[in-house]
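Colleague: Can you walk me through this one? I'd like the overall numbers, then some local detail.
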Amino acid sequence: MAKSTTTQQASNRRRTQATATNAEPSFDWAAALDRWLTDRRSTLTLGAFMMLVGLGLLVAFVSYLFNGNDDQSVVDAALDASVRTNGAEAKNWVGLLGAYIAHTFIFRWFGIGALGLPVIVFLAGYRLTFGRDFVPLARTTQAIVFGMFWVSLFTGYFVLATDSVAEGSVWCGGIGYEVNALLQGLLGWGSLAVIGFILFLFVVFFLNVTSFDWLPNLSFSKSGPKPARVRDDTLAGYEDDSEDEDDDEETASVEPIRANAPRPASSATTNDPDDDSTDEQLAESRKTALNGNGQYELTGLKESTVGTTLIVKTAPPEGDESPATTPTFDIEPVEDELDLVATHGLYDPTLELASYQYPTPELLTDYPNKGRAQVSDYELEENKNKIEDTLLKFGIGIKKIFAEVGPTVTLYEIIPADGIRISKIKNLEDDIALNLAALGIRIIAPMPGKGTIGIEVPNKNREMVSIRSVLTSEKFTKANMDLPIVLGKTISNEIYVADLAKMPHLLMAGATGQGKSVGLNVLLTSLIYKKHPAQLKFVLVDPKKVELTLFNRLERHFLAKLPDTDEAIITDTKKVVNTLNSLCIEMDNRYNLLKDANCRNIKEYNVKFVNRKLSPEKGHKFLPYIVLVIDELADLMMTAGKEVEQPIARLAQLARAIGIHLVVATQRPSVNVITGLIKANFPARLSFKVTSKIDSRTILDSGGADQLVGMGDMLLSSNSDVIRLQCPFVDTNEIEEVCDFVGNQRGYDDAYFLPEFVGDDGGTSDEDRDVDLENRDPMFDEAARMVVLHQQGSTSLIQRRLKLGYNRAGRIVDQLEVAGIVGPFTGSKARDVLFHDVQQLEEHLKRLSN
């Protein structure tokens, strides 16, 4: 019975696959349109065409204002006479077509307000052509569209009021005239108030007007005019006026004050009940602080708080006695960030490379049905019978057996008879392999989440999983992950996509030639296909010097490096140590930014920055993810040892929250390479075929990796689950095509610079420190101002901001030290900045010049 059931199921699967294979593929119009829209040539052509159309419309509309009456008959007869005849009679500067379009938009619709339409078309074309906005396109379009309608209404009112329809219809258009005729019938000449109120509504909501504080304060209370508030002139734009209230009002009065003015004397005293002088000071301060309305008139606090308003809540005085309580302060947020978003829109980190195009699937090789797994019904039945016979020889009965064909292995799930111990089946692994004449089988007892035992048997004809087939799959293209990586296909032929940001680090191992380097290439390619260069950076460490060199072309797009490094891909062991320590400095700097922003991870921080809630003037910036890839850890551990192990362990422990993730690979997964300190911080581990059970237990904490069949066959251990996968295949020419496609596009000026780090042998010699300030660098003054402004005495900062070479930037830092502007070299930390005020710096620079 079991035999016939299995055969029937396998036959049905074959027929279904054959039917799907023979079906005629339909043309995907949506995909074709998407490819056309993402093609830079298409957007450039469309943008230039729209700019030309915008200019043509402007010329046609302006011409219609002068020649509209002459072209009236030509436009009316456009459909009756020939185009040649009407075109010859048209006076419009853009001919008959320009006259007809201008007549429609100006005479029939908007009047002179239609002049805004060419502006919108031109700005849209400018954005498509140059990849940036001349002015914010969305808000400008909203304002112009409203202006077209409102100008038509406003001019229509006066055209109707002066009864000059024949002469003024060009100015108001059909919309303005007809709407005013309707409003006049309903409201008479009071319709002008409605038109004015419409403008008022637009200004309030478009400009986010919330008060009339900008109007002169002409109101007076019953007790007389409100005294003027003493304040700092530099904060005049931030002061809010408060409304006066009656003396007999018993509710607490509330008055906003800005946290930028000096603190009153009363706020510095302590409320000690045993101190008589304290009570006298409080009473005296209350007398001077009370205004004519019984309210506290405080000018603010000494320390400023960006984005907050302080509210003073007090109770009105009763009689001649002053209350002995001190005022309480509440924090009320100021929605400055909403104004920034409304004005400039959300911050887009990709604007610097707005024309960047993601790699297309056409760059990858398509392998249609090549090497596809061919497991016949006869082979399935034969293997099933051999498994049953082997188990029966040892007294193990089977209720049912199922087969599931994968790209590399076929999984046979069996349900043993009652009373059979699982350990008996586990011990028969070698006997089953002998009877099946297989390279090596793996027994999963029991199957996670199932009441079955799994026996994985390698296929005689394997399927090659191409990188193109997995990257174009819906599961990958629609993956809503921070760092999606495709790892291959499971036994059930499902594409496995994981989020590196949640792993959060990956440890890879495998013997030589088992697919480890191909797996790294697949991981990098997956991220390049999904992320923009502004969102992701790679730090590539390749001690073998040949595995990752293909990615050199991505230096100005995706790679990060030390400021004094010529090659973006790190091969020298000493530079590896410096790079790892530099990443630790970057991690510490990012954690300081997160602390200042009150965020717990990089995702929350970037969301706040995109919504313009964090000020770049305070050092905040958009933080890209950083993925550190080490291709061969064993060589580094042999040559550097603890110098490598400690920063790797520190990054693995702490760097997850700030967006630094590690992918470490080795071909020798022994305990002296994958130490306990490293292994404990890599919860996700990926193993290709290894040579011994000991290596398998070292990397996975379980056996099985020694039973793999090689050529990309691998086991993924994550969250205590072990999944067998077939890694996709990506060839060298495919990597070259992708890297050339990205590298030929416009990139950043240089690679992403990591913080400067100098090891124990770093620093500056006494000869180099002999700096002559009489021969200062021409960029000395500008560099000094920038260092004081950012409060960071870093060579890399000067190099990036002023676009200088590393050696010249280092000489400027030495000059700044001799000039007394920055402190001495302090190892891995940035130099201290000795000036905290730009004004003091300018005076110091004048003294140096003299």
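Colleague: What share of the contacts with a separation of 6 or more comes from residues 24 or more positions apart?
Modeller: Residues 24 or more positions apart account for 68% of those contacts, where contact means heavy atoms within 4.5 Å. This is a predicted model, so local features need pLDDT of at least 70 and side-chain atom pairs count only at pLDDT 80 or more, while totals for chains, interfaces and linings use all residues. Residues are numbered from 1 along each chain as its sequence is written, and side-chain values use heavy atoms, with hydrogens and water left out.

Colleague: How many helices and strands are there?
Modeller: The protein has 29 helices and 18 strands. They are DSSP runs numbered from the N terminus, helices being H or I with at least four residues and strands E with at least two.

Colleague: And what percentage of the residues is buried?
Modeller: Of the 850 residues, 46% are buried. Buried means under 20% relative accessible area, exposed over 50%, and partly exposed in between, with a 1.4 Å probe and protein chains only.

Colleague: Which residues make the nonpolar surface patch?
Modeller: Leu182, Leu186, Leu187, Val194 and Ile198, giving about 450 Å². Helix H9 (165–187) and helix H10 (191–206) each give two or more residues to the patch. H9 has the largest share, with 3 residues. Areas come from the Shrake-Rupley method with a 1.4 Å probe, and for residues only the protein chains shown count as cover.

Colleague: What is the relative accessible area of Leu187?
Modeller: It is 48%, so Leu187 counts as partly exposed.

Colleague: Switching to sheets. What is the strand order in the open sheet of 4 strands?
Modeller: The order is E4-E5-E7-E6, with antiparallel pairing. Strand E4 (398–405) and strand E6 (442–444) are at the edges with a single partner strand each, so one side of each has no neighbour in the sheet. Two strands pair if DSSP finds at least two bridges between them.

Colleague: How many bridges join E4 to E5?
Modeller: There are 7 between E4 and E5 (residues 409–416), running antiparallel. Phe402, for one, has Glu413 in E5 as its bridge partner.

Conventions:
Patch = residues over 30% accessible without salt bridge, like charges linked within 9 Å, V, L, I, M, F, W, Y side chains within 5 Å. Salt bridge = Lys/Arg side-chain N within 4 Å of Asp/Glu carboxyl O.
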